[in-house]
Every structure is written in C-alpha cells, then in structure tokens.
Amino acid sequence: MVSSAHLESFDRDGYLVLEGFTDAAACDRLMARAGKIVRDFSPEEISVFLAHDGSLNKDDYFLNSGDKIRCFFEEDAFDENGALRQALDRSINKIGHAMHDLDGVFDAFSRADAVCELVEALPLKEPLALQSMYIFKPPHIGGEVTFHQDATYLYTEPSSVIGLWWALEDATIENGCLWAWPGAHRQPVRSRFIREADGSVRNDVTDDTPWPADQFVPLEVPKGTLVLLHGALPHGSAPNRSARSRHAYSLHVIDGACAYPATNWLQRSPDRPLRGFR
Ligand code: FE2
C-alpha cells in the first residue's frame, strides 16, 4: 500500500522508491516473456535506438511503434562489418511501446492489483496507460540514457505524465542504475519532442542550459523495486560496461482528463484506444 507519507515524499522529491513492490517471481515471468519476444523478433527490421539528445529516432519503425510491439537495437550492437558483437538477446536496447495492451503477460504485470491501487492514489482523474518499455541495458554495450524529463516526450495539457519504473534485476551504479535530480520536478520542462503533421520530428528546446551532473543522485535498488518518476523530474542512466545486465520495465501513465496534443510522437490508431487500469 502507498501511504500519505509516500505521496508527500513523491511530491517533495519528484520520485519515490518502493522496495519490494513486486515479487521476484513476477519479475522473472516478465523477463522470460521479454526473452521470448526477442527470440521471435526478425532482425531484418532494424532500428538502432539512440537515446542521446540530438540523435532522436526519426525512422518510421520507431515513430509507428506507439501501438505495436517492436524491438530496438543498442547503438553499439554491431561491429564495423555489420555483425552483432554479442548474442541477439544481449544486443537489444528495448522493446516498445504497447506490450501492456497487446501481450497478456505484460498486461497482467502492468495491471496487477497493487499497480491499480498505486495509480488510483496518484493525482490523476482518469489514469490511462500510455506507453510501455522493456529496457535491457545489456552487459558491456548497454547505452547511456542522457538526462531528460519524460514530459519532453509524452505530454498532455496540463502536464500529467508519471513514470512507473521497475527494477527487474538489481540496479547498481556499476550496471547503469537510474540517476535523478531530487526536487527538480518543480522546474519547467525544458523541451518538447514534436511530431509535425507531415510526419517529421524535431526537439523544440526552450532552455538548453546543461544539466548539473553534480546534483544527480544514484537510485541503486534491488530487484522488484518500483520507482515512481514525476514527468518533469530530470533523470537518466549511465552506460552499462559491466558483465551484468540491468533489465527494467517502465510504464507511463497520463490523465485522460487532460488534452493529448496531436504533436506527441506517440499516436495510437483509432481502433487501439488507450486503456485504463481496471
Ligand atoms: Fe525517462
């Protein structure tokens, strides 16, 4: 259960760490399911997922993945000859972005009773599950996620996005845990990722001040921990150069009572509307 003290802490810091939120068996089921999706994936459809600022995904494979299940390679997955450096299941950056609606195992994980209760305790009138990502952060080549605010990529008017991030394995500084800037969710969102009517995308930056790296703190958490992230909280994660993977699952929730602009990159087809949690 989420207490009022938890919610006060979330309001103060912009994040909330809930250790032991999900049991190890449920984490293992999700990891096994993700492994199956990757084994069934045909790598001819290649998209290298780049999370660095200024190298945003502009290809259709990414932009049309909002209501599909697609796999994205790590930037460093391939050598200079175009061959995989590691096994396929250690080469994928992430799966996205609608497993929570299209896959039974992901649906059950995302709408477990405890998740429904948590989401209903958040300041959202009509919580909707917008986006899911399974993040592998594989050994040796797991890419950096540069500091960002989720509301840059997923926005409503007014802003409502909240991220639910699960450590499916122990997340440490060594294997690329989250880093966050406590309390900085009170600052404005500094940029917006815009999809134009013609399908092109751009980052509309209102403040390009460098993020102060010395303000960020590591969130080292054990397997089964859920981290809540306010949509305006700056956060990121370092590359994984260690021999251990750092699998995580994230689910982004918005308030259906807020407007959802057509300039969001993530657009669902009319026959696949967003769903709530019950
Ligand atoms: Fe994020």
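**Iron site and open sheet**

In this predicted model, the iron ion has three named protein donors: NE2 of His148, OD of Asp150 and NE2 of His235, at 2.1 to 2.2 Å from the ion. Along the chain, the donors of the iron ion are spaced as H-x1-D-x84-H. His148 has a relative accessibility of 12% and therefore counts as buried, the cut-off being under 20%. Asp150 is buried as well, its relative accessible area being 8%.

Seven strands make up an open sheet with antiparallel pairing, in the order β1-β11-β6-β13-β4-β3-β2. The edges are taken by β1 (15–18) and β2 (69–73); each has a single partner strand, so one side of each is left without a neighbour in the sheet. From one strand to the next, the twist averages 20°.

Within this sheet, β3 (residues 92–97) and β4 (residues 127–135) run antiparallel and are joined by four bridges. Gly96 has Met133 of β4 as its bridge partner.

Two helices that pack on the sheet are described here. Helix α1 (residues 4–13) touches β1, β6 (162–167) and β11 (226–230). The direction of α1 makes about 140° with that of β1. Helix α6 (residues 113–121) also packs on the sheet, where its contacts are with β1, β4, β6, β11 and β13 (248–255). The direction of α6 makes about 150° with that of β6.

Conventions:
Residues are numbered from 1 along each chain as its sequence is written. This is a predicted model: local features need pLDDT of at least 70, side-chain atom pairs count only at pLDDT 80 or more; totals for chains, interfaces and linings use all residues. Side-chain values use heavy atoms; hydrogens and water are left out. Donors are N, O and S atoms within 2.8 Å of the metal (3.2 Å for Na, K and Ca); water is not among the atoms, so sites may look incomplete. Buried means under 20% relative accessible area, exposed over 50%, partly exposed in between (1.4 Å probe, protein chains only). Two strands pair if DSSP finds at least two bridges between them. Axes are lines fitted to C-alpha atoms, for helices over the stretch in contact, and angles run from 0 to 180 degrees between N-to-C directions. Contact means heavy atoms within 4.5 Å.
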